[in-house]
Amino acid sequence: GRSFYAEIDSKGYSGVVKINALSGRYIKIKRFSDPVNYQVSGDFDGRWLVWAEYHSLYDYLSDFTVWSWDSRTGLLRRIGRAKRSPSGKFWPSAWQAPVAHEGYAAWQQGAGPDNLGDIHVVDLATGRDRIVRRGHSSGPFLIDGHRVIWPESMKRGALTVMRAADARTGRMVATPLALRKLRGALWPASNGKSLLYATDDQTSLWWSPSFSVTPRRVYKGRKYSLLGIPLNEVWGRYTSFSIPLKTFVVDTVAGRY
C-alpha cells in the first residue's frame, strides 16, 4: 500500500521503476534502450512483477519482449519474446498484457497465420516457459489453484468458449463452473478469486464472487455504450469499469456502483 510500479521518462533515466508513494523516490528495475518508442504494460502478484515491453508505436501488438522481476531478490529475467513469420514480420498477438498470480505468468502470443496463437505459462521461480495451448485464442488470466484460463474459438467464426489448464503441468483441466456456459466474452478479468467480464457486444457487465458461483449481470448499458478496455478488478469488494467519458466504482457486496 506504500509503493507502486510505473514507467517513467526523464533526462537521467527512462524505464520501469518501483516508486515509494510517500517519498516519491524510486528503484530502477529496467532501463529502456529506446525511450521514444518503448512502453510497457503488466501485472504484479505480490512478489513477481511481469510486463510486456513493446518496442514500436506502430506495431504495438506484435513486437515485444516479456520480462519478470523478483521483488525479493531483484532478479531481472527475460521470459518471452514475440515470434516472426517467414516474411520477417511479427505474428500479431492478443491485445492484453501478461498476467501474474501465485508465482506464474501467462500471456497469449501470435504463432501463425489466421490469428493462430500460443498460450504461454512461465514458472517465475525457474523461468521455464511452457506452451499449454495453440489455437485461436485470446489473452489468458490466472486464478487460485494454479489454473490458467483463456477464451478460444474452436472453429472459424464461432463464438469463444472458455478453456482451462493446470499452470504447473500444462494439462487441460475442467473449466470452472462460473465459465462453462460462457460464450463470446470479452476480456475476462480476475484477481484469482472472483470474476468480471463483458458480453452483449460489450454492453453488459457480469460479476461472480467465485468461480463456483454462476455470474450475475451488474450493469447493462445502452447500445454502443462500450465498456472500457481492459476491465480492471482489484483485491477485495471493489472493482471498476468504464464507458465513454465515465468511470464507475462498483461495490460488489452492496451491488451498487
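The model is predicted, with local features requiring pLDDT of at least 70 and side-chain atom pairs counting only at pLDDT 80 or more, while totals for chains, interfaces and linings use all residues. Residues are numbered from 1 along each chain as its sequence is written, and side-chain values use heavy atoms, with hydrogens and water left out.

I begin with the hairpin. Strand β2, residues 14-20, pairs with strand β3, residues 26-31, in the antiparallel sense over five bridges. Strands here are DSSP runs of E, at least two residues, numbered from the N terminus, and pairing requires at least two DSSP bridges. V16 has K30 in β3 as its bridge partner. Five residues lie between the strands, and G24 in this hairpin takes a positive phi near 80°.

I turn now to the cavities. A cavity is a set of points on a 1 Å grid, over the protein atoms alone, where a 1.4 Å probe fits but cannot get out; lining residues have an atom within 4 Å of a point. Points are joined across faces, edges and corners, and volume is the space filled by probe spheres set on them. There are three cavities of 30 Å³ or more.

Among the residues lining it are R216, D251 and R256, and β19 and β22 each contribute at least two.

Note on methods: Helix = DSSP H or I, 4+ residues; strand = E, 2+ residues; numbered from the N terminus. 1 Å grid on protein atoms, 1.4 Å probe; cavity = no way out; pocket = protein on both sides within 12 Å on 5 of 7 lines; lining within 4 Å.
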